[in-house]
Amino acid sequence: MNDKSYYRKATYDLGAAKLSQLTADEGYEVAFAGRSNAGKSSVLNALTQQKSLARTSKTPGRTQLINVFSLDEERRLIDLPGYGYAKVPESVKLQWQKTLNAYLQERKCLRGIVLIMDIRHPLKDYDQMMIKWAHSCELPVLVLLNKSDKLKKNPANNTLFAVRDELAEYAPLVRVQLFSALKKTGAEKCEAVLDDWFALGYVEVDDAEDIVG
Ligand code: GDP
């Protein structure tokens, strides 16, 4: 297990509009993806304990970049552009889809995807697509059911079980846990999964621990 402050070391490196602008394809990357407004920026800020590492208020339609945050010389967190902005012209959407697909398919140092969903609206089309794609590449996915503070215990647990059930065919490569960027719940467990992907150490993660008691 890494020291607790490891993810706090994240510093902003660059924003890439094209794959060719990214850091050399070496070391380890973990990419964060999610529908707009699911809380991807808030999750990144919660994990790194930095209030504004990833900007939490974005203007729909502004240029979308792949943002790179370095943890050390070998390891990076990647903030993929949020998907689902209705106001973006179709041509821009298609271009982004292409860049995203190319990143996901070509990036050799990519070790896993953290897929953030709003617990009240899980498993939308694009989420399903990401999971299917990652599975076809045998890339692990950690689904964070974010904003779990918005639900009471039972509905939160029931959603967790339902999403796990729905994704059971992809286990163990796809795991699902509750998260709240606001309350910072689920962060330690998420870190344990990231530590494993970043080859920083392995700890057994017990999925039963997620259930809100
Ligand atoms: P992004 O578009 O996916 O990067 O989403 P943001 O991080 O900008 O969050 C979208 C909205 O959801 C903001 O108003 C956040 O304050 C709110 N939000 C994000 N995470 C949480 C959470 O865990 N709980 C609650 N209650 N609100 C959250």
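Visitor: What makes Glu29 and Arg107 a salt bridge?

Guide: The closest N and O atoms of Glu29 and Arg107 are 2.7 Å apart. The term asks for a side-chain nitrogen of Lys or Arg within 4 Å of a carboxyl oxygen of Asp or Glu, so this pair counts. Bear in mind that this is a predicted model, where local features need pLDDT of at least 70 and side-chain atom pairs count only at pLDDT 80 or more, while totals for chains, interfaces and linings use all residues. Residues are numbered from 1 along each chain as its sequence is written, and side-chain values use heavy atoms, with hydrogens and water left out.

Visitor: Why is Glu29 called buried?

Guide: Its relative accessibility is 0%. Buried means under 20% relative accessible area, exposed means over 50%, and partly exposed is in between (1.4 Å probe, protein chains only), so Glu29 is buried. Arg107 is buried too.

Visitor: Which other residue meets Glu29 in a salt bridge with its side chain?

Guide: That's Arg76, again with 2.7 Å from N to O. Arg76 sits in strand β4 and Glu29 in strand β2, so the bridge ties together parts that are 47 residues apart in sequence. Strands here are DSSP E runs of at least two residues, and helices are H or I runs of at least four, numbered from the N terminus. Arg76 has a relative accessible area of 3%, so it's buried as well.

Visitor: Why is Asp72 called partly exposed?

Guide: Its relative accessible area is 27%, so it falls in the in-between class. Its side chain makes a salt bridge with Arg75 at 2.9 Å, N to O. Arg75, at 10%, goes down as buried. The structure has eight salt bridges.

Visitor: How do you know that strands β2 and β5 pair?

Guide: Two strands pair if DSSP finds at least two bridges between them, and β2 (residues 28-34) and β5 (residues 110-118) have six, running parallel. Gly34, for instance, is opposite Ile116 in β5.

Visitor: What makes β1 and β7 edge strands?

Guide: The open, mixed sheet has seven strands in the order β1-β3-β4-β2-β5-β6-β7. β1 (11-16) and β7 (174-178) each have a single partner strand, so one side of each lacks a neighbour in the sheet. Even so, β7 is mostly covered, with four of its five residues buried. It pairs with β6 in the parallel sense over five bridges.

Visitor: Why is Lys40 called buried?

Guide: Lys40 has 10% relative accessibility, so it comes under the cut-off. It lies in helix α1. Setting aside neighbours within four places in sequence, Lys40 is in contact (heavy atoms within 4.5 Å) with residues including Phe32, Asp79 and Ile116.

Visitor: And what about His135, buried or partly exposed?

Guide: Partly exposed: its relative accessible area is 30%. His135 belongs to helix α3 (residues 125-136). Not counting residues up to four places away in sequence, it touches Glu169, Tyr170 and Leu173.

Visitor: What makes helix α5 mostly covered?

Guide: Nine of the eleven residues in α5 (residues 187-197) are buried. Among them are Lys189, Glu191, Asp195 and Trp197. After α5 comes Ala199, with a positive phi near 55°.
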